[in-house]
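Take a walk through this protein, one stop at a time. Keep the structure in view as you read.

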Amino acid sequence: MDLFRDVPSGRLPASPSPELTPWWHRESLCYRGNLLHIAGHAVVDLIDRHGAPIVAYDRARIVENVNRLKGALVSTGQPSRLYFAVKCNRFGPLLGAIRSTGVCGIDCCSPGEVHLALNSGFEPHEISFTGSSVSEEDVASIGHLPIRMNVDSISMMHKVGRLFPGRRVGIRVNPQIGVGLTPQLTYAGGKPTKFGIYEDRFQEALQVAAQYGLIVEGVHMHVGSGWLAHGLETFLRAVDRLCSFASCLPELRYVNVGGGIGVCHSDEDEPVDLDLYAGNIAERVGTLLGDHVEICCEPGDYLVNDTAILAARVTMVEEKGGVTFVGLNVGFNSNPQAAHYGFAQEMVHASRGLADDASPRFVVVGNINEVIDNFHSDAAFPKVEEGDVLVMLNAGGYGSSMASNHCMRKLAIEVMLG
Ligand SMILES: Cc1ncc(COP(=O)(O)O)c(C=O)c1O
């Protein structure tokens, strides 16, 4: 890769030194001198223009991520369909970037998300709905649309059947095998979760569907989020189970394996090999169910999380109880990933370059009065002073879509670059 391409005039070139190249470094996210750049813009310049805190998205990276995954699915030869899990991010320009690819629909989990997808220009046939604790009103408000609807409980099957007899449906199953980056991100396996219909009641679900003339055309699962290369084997065991549920459906058209592929958060993380992912799913679906059966997947994180950074101003650097805390002018209300899901939010300095082994360590916290308002417990920066700008990587997913006005703290503004 030519790191010197597209250097805006007057800017320093990206650091070419391999030993200084961090795991997250790419042409559109890199240091030029000591200044971090995203999509050709210095983060400090973005803050001067828009203020802090800010979430800045790299449009080209969104398109690249969608095309990379779609390409891996297409190369298997099995029919496939990609949906973006809009619960991960509903920023308008981001949905526009997804739609511009022409190869990705939208996965929704509520009627509100279905209407947002329609208003964002997606056609009903590009929309898949998989909700939980679904009410009669939920079903009534979207069941008439020609969207795919995956039924998550026997209760929901009755509701769909009563309101829309004869409709085509999919069944979300719980294969009782799960994999996730942390326990908070593991949706199946171990102790029972609320998601999907379990094997012991699958036949009952089919009987209820038959009672209303519902045509079961698909199976669906989502067994966890954020898993990386080491999680693929467990995920594929869940796909095996999913296929065994599907094998008794005469009208089967699709198998939806959910989302879940994670993004790397540290230099120890190994990304999922997309050819292994797609190839193994296709081999199972093609062999066990037929080469006409469509593979669907509906990632959120994988498509958008590494496409944005969140930059915030340092408001405090202080030693307390033997620990040096760095406080920011942003809190978990703008980016709850670390607080909700229990992993460290990788951070770098916007204007002092990369840390090294000798750099001081800090606990980075937000401006919300909660113990969980902690972004990183062992972050390294060359130096940090009040007024500096720190940058969270992987800030494109489960940030603004889960934002709240807890403590009435200002939310980060969102900007699309490119
Ligand atoms: C049903 C369903 N599909 C897809 C996703 C997207 O997951 P991820 O962002 O891990 O790809 C989720 C996440 O909660 C989900 O619940």
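Begin with strand β4, residues 54-58, which contains Asp58. Helices (H or I, at least four residues) and strands (E, at least two) are DSSP runs, numbered from the N terminus. Residues themselves are numbered from 1 along each chain as its sequence is written. The model is predicted: local features need pLDDT of at least 70, side-chain atom pairs count only at pLDDT 80 or more, and totals for chains, interfaces and linings use all residues.

Is Asp58 buried or exposed? Asp58 counts as buried, because it has 24 C-beta neighbours inside 10 Å. The scale is simple: a residue is buried if 20 or more other C-beta atoms lie within 10 Å of its own, exposed if 12 or fewer, and partly exposed in between, with C-beta atoms placed from the backbone. Now look at what touches Asp58. Setting aside neighbours within four places in sequence, its contacts are Ser28, Leu29, Ile38, Ala39, Thr307, Ala308, Leu417 and Gly418. Contact means that the C-beta atoms of two residues, placed from the backbone, lie within 7 Å. Glu346 is 288 residues from Asp58 along the chain, and their C-alpha atoms are separated by 18 Å.

The peptide bond from Ala52 to Pro53 is cis, with omega near 5 degrees. Gly51 follows α1 and has a positive phi, near 90 degrees.

Helix α1 itself spans residues 43-50, and its buried residues include Val43, Leu46 and Ile47. Those residues cover an arc of only 100 degrees around the axis, so they lie on the same side of α1. The arc is that of the directions from the helix axis to the C-beta atoms. Asp48 and Arg49, on the other side of α1, are exposed.

In which order do the three strands of the open sheet run? The order is β1-β2-β3, and the pairing is antiparallel. β1 (29-32) and β3 (41-42) stand at the edges with a single partner strand each, so one side of each has no neighbour in the sheet. Strands pair if DSSP finds at least two bridges between them. β2 (residues 35-38) is joined to β3 by two bridges. Ile38 has His41 in β3 as its bridge partner.

β13 (residues 308-320) and β14 (residues 323-328) pair in the antiparallel sense over six bridges. Val317 stands opposite Val326 in β14. Two residues separate the strands of this hairpin, and Gly321 in the turn has a positive phi of about 60 degrees. β14 also runs parallel to β16 (residues 361-365), joined by three bridges. There, Phe325 has Val363 in β16 as its bridge partner.

Two loop residues deserve a stop. Ser133 is not a glycine, yet its phi is positive, about 50 degrees. Ser133 lies in the loop between β7 (127-130) and α5 (136-142). With 10 other C-beta atoms within 10 Å, Ser133 is exposed. Met408 also has a positive phi, about 55 degrees, although it is not a glycine. Met408 is in the loop between β18 and β19. Met408 is exposed, with 7 other C-beta atoms within 10 Å.

Next, the ligand. Which residues come nearest to it? Of the 15 residues around the ligand, these are Ala85, His222, Ser225, Gly259 and Gly300. A residue is near a molecule or strand if its C-beta atom, placed from the backbone, lies within 6 Å of it. The shell holds four nonpolar, seven polar and four charged residues. Here Ala, Val, Leu, Ile, Met, Phe, Trp, Tyr, Cys and Pro count as nonpolar, Asp, Glu, Lys and Arg as charged, and the others, Gly among them, as polar.

Finally, see the whole. The protein has 11 helices and 19 strands. Its radius of gyration is 22 Å, close to the 22 Å that the globule rule gives for 418 residues, so it is as compact as a globular protein of that length. That radius is taken over C-alpha atoms, and the rule is 2.2 Å times the number of residues to the power 0.38. Buried residues make up 48% of the 418 residues.
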